[in-house]
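This briefing is for a reader who is new to the structure. The points below are grouped by topic.

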Amino acid sequence: MSISARFHIDHGRFTFGVDIAIPEKGITGVFGPSGCGKTTLLRAIAGLDHFPQGYIRIGGEVWQDTTTFVPTYKRMVGYIFQESNLFTHMTVKKNLKYGLSRVPKGRELSMDTIVDLLDISALMDQYPRNLSGGEQQRVAIARAILASPRLLLMDEPLASLDLDRKREIIPYIEALNHDLGMPIIYVSHDRDEITRLADHLLLMDHGKIISSGSIADVLTRVDLPLAKSADAESIIRAKVRDYDSKYQLSILESSVGQVVIPGEKLELGRDVRLRIPARDVSLTLVHQTDTSILNIFSATVDQVFGGDAPQVMVKVRAGDTAILARITRKSADNLKLKPGMKIFAQTKSVAVLT
Amino acid sequence: MIFTEADLVALFVTVKLAFISTLVLLLCGTPLAWWLSRSKWRFRFLIEAIVALPLVLPPTVLGFYLLLGLSPSGPIGSLSSSLGLGSLAFTFQGLVVGSVLYSMPFVVQPLQDGFRNVGISRLEAAAVLGASPIDRFFSVAVPVARPAFVTASVLGFAHTLGEFGVVLMIGGNIPGETQVVSIAIYDHVEMLHYSKAHLLSGLLLLLSFLTLTLVYRHRGFKVVAS
């Protein structure tokens, strides 16, 4: 059940042209600066706006083409707005039942399950005005899910919340995707949210898709803005294998080799997503043993990018996984880095994202 | 407290007229107000101006045109005749038609404001939850705009209670059929029956005051509740 969408809008000052294919599983992040057309894309997919030049297909069902336009209420999409848009004249429970009672027979989800998943059972008899911003947004998410959408669209759902409330909600969104397997398109201009949540990434600018692919690939494309920014980073996936209680280290197996993380004890067998900032990665020609650094990966130089700038971005590959290293141009010259060269990437820090 | 039987009948006709007119106004005014609150038609202001006309037009002018329209050769009259209802001039039904037009802005304008305040985002939220346009109207717009319905009904009712000029032109002052309180008061004053005029006027004053109190109390309550 992949999703294809094509839209073309030309309103003089604002032009918008996209042609996308979104995988059926996982979270697709849509990332780009404010005003680049992210919300326009979501609204067009939901059918909230009707752009005559458009095409959308979800699985075998066409929602829009030259002769068809399925109205929003028949599409079974979930939509989480920036504001919760709860019905103020209804209690939380009635808000949740609103979508649930309009679901075709046999497709209903259990209200208790979703209420537990989003941890809102204590709020059921409250009116929305008595809830905090984070609580309102959790109720809005639960309400959308209980309408059993085939696709969940989230438009900057955390933008109106402060950092603590964001941290409160992100795990619930992860759980949604993990537990229910519901495809999610997640729009944000916050890089941290996207790197935490997205499996697949659409990068937008000025009404166009400038890149799409797996999050790990798009983040490490040295020709794209993400890798050029000061907080360029790589994402790797890993599984928790062991815990060294003497030194309090979690030991993980990843696609680039063994990764060691100090501090918190991670649950054995858990799949995690790790972030490696490009500025914390250094490169050596030989495998150093007389170093304090624990995470060293054998890799091959793929690209050196940066021209005459004082610092260059080096993309290396360990297995099929790309890692970015930002080093000085002088070091790159000293090491005579060239594509295809065998080197070792060592990193001072690895952050666990999920 | 001595109301003559004629006074009581006039009172009954007045309340009945106000009640039926308000009902008709809610039925016709609600879709009109909904359309006005949502339409992007560039000439919408024309319709809004027509709805607002009775606010500034002398009721006798409205009554005069209604009299022409309701007469057997007029557009409404010929329609009602062809439906077998005869001419509506000097009938209670004719008064209902007149009152509906006369009180239209008092019902449509509060409703239009109320619907506008419902906001597009709440309706979009309902649409993505699977609610059809009609469903959204009844499950979201009407409950959210409920205070506007109260205001519209009370104002429509109260305004019809005080109607005079239109009734004078198209009613014919037939006791039990088209004689309303405001006309009865006029008759009493004409015949110098001041005490009778006092009684009816006082009653109308009290009734109007009470209904308006209801509106403002409701509004005040709304502010506290939200």
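Predicted model: local features only at pLDDT ≥ 70, side-chain atom pairs only at ≥ 80, totals over all residues.

Are helix 1 of chain B and helix 5 of chain B parallel, perpendicular or oblique to each other? They are oblique to each other.

**Helix pair in chain B**

- Two packed helices are described by the angle between their axes and the distance between the axes.
- Helix 1 of chain B spans residues 5-38, and helix 5 of chain B spans residues 92-118.
- The angle between these two helices is about 45 degrees, and their axes are 7 Å apart.
- Angles under 35 degrees would count as roughly parallel and those from 65 to 115 as roughly perpendicular, so helix 1 of chain B and helix 5 of chain B are oblique.
- Helix 1 of chain B and helix 5 of chain B make a right-handed crossing.
- Their contact consists of 17 nonpolar, 7 polar and 1 charged residues.

**Helix pair in chain A**

- Helix 4 of chain A (residues 133-146) packs against helix 5 of chain A (residues 163-180) at about 15 degrees, with the axes 9 Å apart.
- Helix 4 of chain A and helix 5 of chain A are therefore roughly parallel.
- The crossing of helix 4 of chain A and helix 5 of chain A is right-handed.
- On the helix 4 side of chain A, the residues in contact include Gly133(A), Gln137(A) and Ile141(A).
- On the helix 5 side of chain A, they include Glu168(A), Tyr172(A) and Leu176(A).
- By class, this contact has 5 nonpolar, 3 polar and 3 charged residues.

**Sheet in chain A**

- An open sheet in chain A is formed by 5 strands in the order 15-19-16-17-18, with antiparallel pairing.
- Strand 15 (281-284) and strand 18 (321-328) of chain A each have a single partner strand, so one side of each has no neighbour in the sheet.
- From one strand to the next, the twist averages 45 degrees.
- Strand 16 (residues 295-305) and strand 17 (residues 311-318) of chain A pair in the antiparallel sense over 5 bridges.
- In this part of the sheet, Val301(A) stands opposite Val316(A) of strand 17 of chain A.

**Contact between the chains**

- Chain A gives 19 residues to the contact and chain B gives 13 residues.
- On the side of chain B that touches chain A, helix 6 (120-128) and helix 7 (133-144) of chain B are the elements that give two or more residues.
- Helix 6 of chain B gives the largest share of that side, 6 residues.
- The residues on the chain B side divide into 8 nonpolar, 3 polar and 2 charged.

Note on methods
Residues numbered from 1 in each chain as written. Chains lettered and ligands numbered in written order. Contact = placed C-beta atoms within 7 Å. Helix = DSSP H or I, 4+ residues; strand = E, 2+ residues; numbered from the N terminus. Nonpolar A, V, L, I, M, F, W, Y, C, P; charged D, E, K, R; others polar. Pairing = 2+ DSSP bridges. Axes fitted to C-alpha atoms, helices over the stretch in contact; angles between N-to-C directions. Parallel < 35°, antiparallel > 145°, perpendicular 65-115°, else oblique. Left-handed = near helix turned anticlockwise from the far one by under 90°.
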